[in-house]
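Please look over the chain below before reading on.

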Amino acid sequence: MPEPNALPRMPDGNVDRDALPDLGRQRPALDTPYLAPCGKAEQQVAGIFADVLGLARVGAHDDFFDLGGSSRDIQEAIPRLGEAFGREPDTAELLQAPTPCALAARMTDPAPGTGAMLIPLRRGSRPPVFFVPAPLAVGPVLLAYATLARRVPEGRIFLAFHPGESAPPGADLVESALEAIRAAQPVGPYAVVGECAGGILAWEIARRLSAAGERIDLLALLETPWPPNWRRRLRSRFQWLLPAGGDYLLRRGARHVRVLRSLPATQWTAYLRGKSGAALAALRQAHRPGVREALRRRAWYAGSVAAIPLEPWSGHLRFIQSADPQHGHDPEGWATLAGSIEVVRVPGDHTTYLGDSVNEVAAILGRWLDRV
C-alpha cells in the first residue's frame with residue numbers, strides 16, 4: 001500500500017491533484033483486490049467515492065482514505081451521501097466504515113444506534129496505539145488525527161476514543177476507557193498517546209495500567225496543558241479548549257492567509273472553495289437530529305476529563321510541545337509527576353501545529369514507536 005506521504009501534497013496537507021500523474025483515472029494499487037460493489041447501496045457509495053476522488057471505479061472493500069481521500073473530499077462526499085440515503089454521515093462514521101461495503105451497511109441500517117467507543121484512525125499489522133483526543137474533537141479535528149496517524153512511518157494500528165461515545169454520562173470515564181483498551185488488546189505492552197486535554201485521560205489510563213502490572217512502552221502527550229494552570233482559566237465548559245484572549249478566529253484566519261501566500265494564485269479559488277465547503281458542512285451537521293444529545297455527551301466527557309485527579313507515575317513521559325507561548329511551561333508541570341520526561345518542540349501554535357507541522361509530529365511519534 002503506498003504511504004500517504006508518497007502523494008504530492010499542498011501546504012495544507014491535501015493531495016495536490018494537479019501534480020498527480022495521469023493514470024487514466026484508474027484505481028491505485030491497494031492491498032485489497034478489486035471486488036465489484038454488490039447491491040444498490042454499495043453501488044451508490046462506490047459511485048460517490050469514485051466521483052469525489054476522480055477515479056474510474058471504486059471496489060466494495062476499497063478504503064476511502066487509502067485511495068487518497070482528504071478532508072476536502074470528505075466534506076464533498078458527506079452531503080452527496082445525505083442526498084442518496086436521506087441522512088448525512090458524520091466524520092466518525094466514515095472513519096469507522098471507510099469502504100462502500102461497510103458504509104452502505106451503516107447508511108441503510110434502520111436503527112444505527114450509538115457509535116463505537118474506539119474509532120480506527122489507521123489500520124495496520126502491529127499492536128495498536130491508543131489515541132486519546134481533545135474532548136471536543138469533531139469533524140476536521142478527527143481528520144487531522146487520522147492524517148497524523150497515517151503519516152507515522154510505523155505499521156501500528158491507531159485506535160482513537162470517540163469523545164461522544166467514550167462512556168455513557170455518569171459512568172466512570174477512566175474505567176470505561178480501560179475496559180475498551182483491554183477488549184482491543186488484552187495484555188501489554190501498551191502505547192498511549194493523548195492530544196490537548198485528552199492527554200489528562202491518557203496519563204490516567206497509563207498510570208492505572210502500570211499500577212495493574214502492565215508494561216507501558218509509550219506514553220506521549222501532544223501539547224497537553226498542565227491542569228492546575230488550565231483549570232484556573234475563567235472559561236465555559238467549551239471555551240476552555242480555545243486559546244486565551246478570544247483570538248482563536250484571528251489565529252485560524254492568519255493560518256489560512258499563510259497557506260494562501262504559499263500557493264500559486266491559480267489554486268486560491270480551489271482552496272477557499274474547499275474551506276468554505278468544510279464550514280458549510282459543519283453548519284449542516286450542527287442541525288442534524290441528535291446533535292444536542294451528542295453535545296451533551298461531549299460536554300460530560302470534557303467535564304469528566306477535567307475532574308481526573310493528578311497522581312504521580314514513575315514511568316517515562318514523552319512530550320511534544322508547540323511554540324505557543326501560552327503553553328510554554330506545560331512540560332515543567334508534567335515533569336513534577338513523571339519519573340522522567342523527554343520534550344520535543346515543534347513549530348506552530350496550539351491550534352495549528354497538527355496542520356502545519358503534522359509531518360514533523362508524525363516523524364517524532366514514529367521514532368518513539370520504533371524504539372519500543
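## Confidence and packing

Over residues 233-246 the pLDDT stays under 50, and the model has 24 contacts beyond four places in sequence for this segment; pLDDT is the predictor's confidence in each residue, from 0 to 100, and contact means heavy atoms within 4.5 Å. Residues 1-7 also stay under 50 in pLDDT, with 12 contacts beyond four places in sequence. The chain averages a pLDDT of 77, and 73% of the residues score at least 70. This is a predicted model, in which local features need pLDDT of at least 70 and side-chain atom pairs count only at pLDDT 80 or more, while totals for chains, interfaces and linings use all residues. Residues are numbered from 1 along each chain as its sequence is written, and side-chain values use heavy atoms, with hydrogens and water left out.

Helix α1 spans residues 39-53, and its 15 residues reach 21 Å from the first C-alpha to the last, close to the 21 Å expected at 1.5 Å a residue; that expected span is 1.5 Å times one less than the number of residues. Helices (H or I, at least four residues) and strands (E, at least two) are DSSP runs, numbered from the N terminus. Among the buried residues of α1 are Ala 41, Val 45, Ile 48, Phe 49 and Leu 53, where buried means under 20% relative accessible area, exposed over 50% and partly exposed in between (1.4 Å probe, protein chains only). Just after α1, Gly 54 takes a positive phi of about 70 degrees.

The largest nonpolar core has 58 residues, and those with the most contacts inside it are Leu 121 and Leu 148. The largest share of this core, 8 residues, comes from α1. A second, separate core of 34 residues includes Leu 159, Ala 177, Leu 201 and Trp 334. Such a core is a set of buried Ala, Val, Leu, Ile, Met, Phe, Trp, Tyr and Cys residues joined through side-chain atoms within 4.5 Å.

The structure holds 7 aromatic pairs, two of which are set out in the table. Rings of Phe, Tyr and Trp (its six-membered ring) pair if their centres lie within 6.5 Å, and planes under 30 degrees apart count as stacked, over 60 as edge-to-face and the rest as tilted.

| Pair | Type | Centre to centre | Angle between planes |
|---|---|---|---|
| Phe 49 and Phe 64 | tilted | 4.7 Å | 55 degrees |
| Trp 203 and Trp 313 | edge-to-face | 5.9 Å | 85 degrees |

Trp 203 lies in helix α7 (residues 198-211) and Trp 313 in strand β6 (residues 313-321), so the pair ties together parts that are 110 residues apart in sequence. Both Trp 203 and Trp 313 are buried, and together with Trp 226 and Trp 334 they form one aromatic cluster. Ala 338, in strand β7 (residues 338-345), touches Trp 203 and Trp 313 as well as Gly 315 and Leu 317, not counting residues up to four places away in sequence. At 11% relative accessibility, Ala 338 counts as buried.

Arg 156, which lies in strand β3 (residues 156-161), is also buried, with a relative accessible area of 6%. The backbone oxygen of Pro 127 lies 3.4 Å from a polar atom of the Arg 156 side chain. Beyond four places in sequence, Arg 156 touches residues including Arg 122, Pro 127, Ala 191 and Val 372.

Notes
Polar contact = N/O pair within 3.5 Å; in protein donor to acceptor, adjacent residues only side chain to side chain.
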